[in-house]
Amino acid sequence: MRTPTAPTLISAAALALTAFTGLAAASPADARSAPTAYSKGGVSWVRACDTLAKGDTMGCHALKVTNATQHVHALGVTPNATPSGYGPSDLTSAYNLPANGGAGATIAIVDAYDDPNAEADMAVYRAQYGLPACTTANGCFKKVNQTGGSSLPSPNSGWAGEISLDLDMVSAVAPNAHVILVEATSATMANLGKSVNEAVALGAKYVSNSYGGGESSSDTSYDSSYFNHPGVAITVSSGDSAYGAQYPAASKYVTAVGGTSLSRNSSTRGWGESVWYTNSTEGTGSGCSAYDAKPTWQKDTGCAKRTVADVSAVADPATGVAVYQTYGGSGWAVYGGTSASSPIIASVYALAGTPSTGSYPSSFPYAHTGSLYDVTTGSNGSCSPSYLCTATTGYDGPTGLGTPHGTAAFAG
């Protein structure tokens, strides 16, 4: 684990005030019932976007652990201490990634609603782990609405957790990249899709999307309207509802990112992974699309159309990642869900270099399967053919081709 360098001290009192203000400022978009609780191995969590706001069709895939034991102060930076959950050095170790990467890259995060504390919370995360500052003032960070303007949507505490998770994963894996947060007016495919287009228009070559919903006959038109961006790596989380395909992960133009359980072990790698699965209603998403055509580079034979997923990374909240969130949260927390794996993979693409002009980066891992850790154990349900829901040697639905073993599989 990296020991933090001398951080910029951030007032705990100021952060506490910010957190209180954020929690007190709930908007109509924030109305929600008590979320459903899940647990495994003594770890309990809830879905950050358990209840959709009126009119929303997409939910975020962030899962917040509710019983994490922290060894740091709840608010602000604790020098020479480590928050619970995997941090930057864990992720770079597990996936054999370079530290301090991302220089010259611009990574966009697309989410719905506003997190008023997004920049301040990311600053605490980075200071805790000794990462370089990424702020509006130094030109590293930009937050805009879905048309690129500064008039932001209503705040939402559930999506704020998603936003903090996304920003912290980008910070962990590609700490020297520039970051654009594009906030959609609401969680409809039209508004989120317009946000993807805006992210690309603003120059992002890597765009992470940690949300999804049911497939529909409109998906192929959404493909052409929002996700067909050659030369841009667009990642989408495969979902947290176990076996079954979701959109936009099923888009033929994106990299669908599944989720694993990640734990240290005594292997040469030092880590092991299996399919993330909690129960029949929760686990990494996978499956065969009902509408989207199979891209030419995807060669599995048990699904005539698009198969989800392509690759994967850690998502199990029982082996979750450290996140700092004060709007709708009380500081340091542990999160999971395929909302963690999507920004991780988007950031690995950024480490691998700018995609070639006209390319579809979702095809890159299929040309470099030897540069991935193959995940061969676990399942997310019952299905036929079984590889769509059960890990096996080579390609399978829940984990795709595997997880990053360096950056080579994501270059092209």
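**Close-up views of a predicted model**

**View 1. Inside the largest nonpolar core.** Leu91, Leu167, Leu192, Val207, Tyr211, Phe227 and Val321 touch the most other members of the largest nonpolar core, which has 104 residues. Such a core is a set of buried Ala, Val, Leu, Ile, Met, Phe, Trp, Tyr and Cys residues joined through side-chain atoms within 4.5 Å. Buried means under 20% relative accessible area, exposed over 50% and partly exposed in between, using a 1.4 Å probe and protein chains only. Helices (H or I, at least four residues) and strands (E, at least two) are DSSP runs, numbered from the N terminus.

This is a predicted model, where local features need pLDDT of at least 70 and side-chain atom pairs count only at pLDDT 80 or more, while totals for chains, interfaces and linings use all residues. Residues are numbered from 1 along each chain as its sequence is written, and side-chain values use heavy atoms, leaving out hydrogens and water.

**View 2. Around Leu91.** Leaving aside residues up to four places away in sequence, Leu91 touches Tyr86, Leu97, Met169, Ala172, Val173, Val314, Val321 and Ile344. Contact here means heavy atoms within 4.5 Å.

**View 3. A five-stranded open sheet.** Go through the strands and you get the order β1-β2-β4-β19-β18, with antiparallel pairing. Two strands pair if DSSP finds at least two bridges between them. At the edges sit β1 (37-40) and β18 (321-325), each pairing on one side only. From one strand to the next, the twist averages 40°. Helix α3 (residues 118-128) packs on the sheet, touching β18 and β19, and its direction makes about 135° with that of β18. Axes are lines fitted to C-alpha atoms, for helices over the stretch in contact, and angles run from 0 to 180 degrees between N-to-C directions.

**View 4. The buried side of helix α6.** In α6 (residues 219-227), the buried residues are Asp219, Asp223, Tyr226 and Phe227. They cover an arc of only 110° around the axis, so they end up on the same side of α6. That arc is taken from the directions from the helix axis to the C-beta atoms. These buried residues pack against α5 (189-201), β9 (211-212), β10 (233-237) and β15 (282-293).

**View 5. Helix α5 and what follows.** With 13 residues, α5 reaches 18 Å from its first C-alpha to its last, close to the 18 Å expected at 1.5 Å a residue. The expected span is 1.5 Å times one less than the number of residues. Among the buried residues of α5 are Met189, Leu192 and Val196. Just after α5, Gly203 takes a positive phi of about 105°.
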